[in-house]
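Welcome, and please take a moment with the sequence and the 3D view below.

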Amino acid sequence: MQNLLVDRAVSMSQFKKNPAAVLRQAEGRPVAVLNHNRVGFYLLEPPLLEAVLEELRRLRHAAPPDAEGAPPEATPHRQLIETLLSQAKAARG
């Protein structure tokens, strides 16, 4: 069983029928789009994605150095986080 990270989910079929309706009904909240009862992707409106990216940026800069003053170890998702932050920066111009 896969955990949902949000409180709203729709099927891929429902999403494909009317993506605008799914967005409207979400009222700014994230939505899990399920493919064969597994999360295919999460749908986030731009303001929410911007808030998530800003929080990642804040956490990246707030990470304490280790006892010897070296930066924190790279997390498994560090490259993805860095890519998302770079893409967000590029999109803003």
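In β3, A32 has Y42 as its bridge partner. The strands that hold this kind of pairing are β2 (residues 31–35) and β3 (residues 38–43), which run antiparallel to each other over five bridges. Strands here are DSSP runs of E with at least two residues, helices are runs of H or I with at least four, and both are numbered from the N terminus; two strands pair if DSSP finds at least two bridges between them. Between β2 and β3 the hairpin has two residues, and H36 takes a positive phi near 55° there.

Before going further, a word on the source: this is a predicted model, in which local features need pLDDT of at least 70, side-chain atom pairs count only at pLDDT 80 or more, and totals for chains, interfaces and linings use all residues. Residues are numbered from 1 along each chain as its sequence is written, and side-chain values use heavy atoms, with hydrogens and water left out.

**The sheet**

β1 also pairs with β2, this time in the parallel sense and over three bridges. One example is V10, whose bridge partner in β2 is V33. Together, three strands make an open sheet of mixed pairing, in the order β1-β2-β3. Why is one side of β1 and of β3 left without a neighbour in the sheet? β1 (9–11) and β3 stand at the edges and have a single partner strand each, so one side of each lacks a neighbour. From one strand to the next, the twist averages 35° (between lines fitted to C-alpha atoms, as angles from 0 to 180 degrees between N-to-C directions).

| Strand pair | Sense | Bridges |
|---|---|---|
| β1 and β2 | parallel | three bridges |
| β2 and β3 | antiparallel | five bridges |

**The core**

Which residues make up the largest nonpolar core? The seven are V10, F15, V22, A26, V31, V33 and L43. Both α2 (19–26) and β2 supply at least two residues of this core. A nonpolar core is a set of buried Ala, Val, Leu, Ile, Met, Phe, Trp, Tyr and Cys residues joined through side-chain atoms within 4.5 Å. Buried means under 20% relative accessible area, exposed over 50%, and partly exposed in between, with a 1.4 Å probe and protein chains only.

V31 lies in strand β2 and is buried, with a relative accessible area of 1%. Leaving out residues up to four places away in sequence, V31 touches V6, R8, A9, V10, V22, A26, F41, Y42 and L43, where contact means heavy atoms within 4.5 Å. R8 is 23 residues from V31 along the chain, yet their C-alpha atoms are separated by 5.1 Å.

**Helix α2**

The buried residues of α2 are A21, V22 and A26. Down the axis of α2, these residues fall within an arc of 135°, so they line one face of the helix; the arc is that of the directions from the helix axis to the C-beta atoms. They pack against β1, α1 (12–17), β2 and β3. After α2 comes E27, with a positive phi near 50°.

**The whole chain**

The protein chain has four helices and three strands, in the pattern β-α-α-β-β-α-α along the sequence. Of its 93 residues, 18% count as buried.
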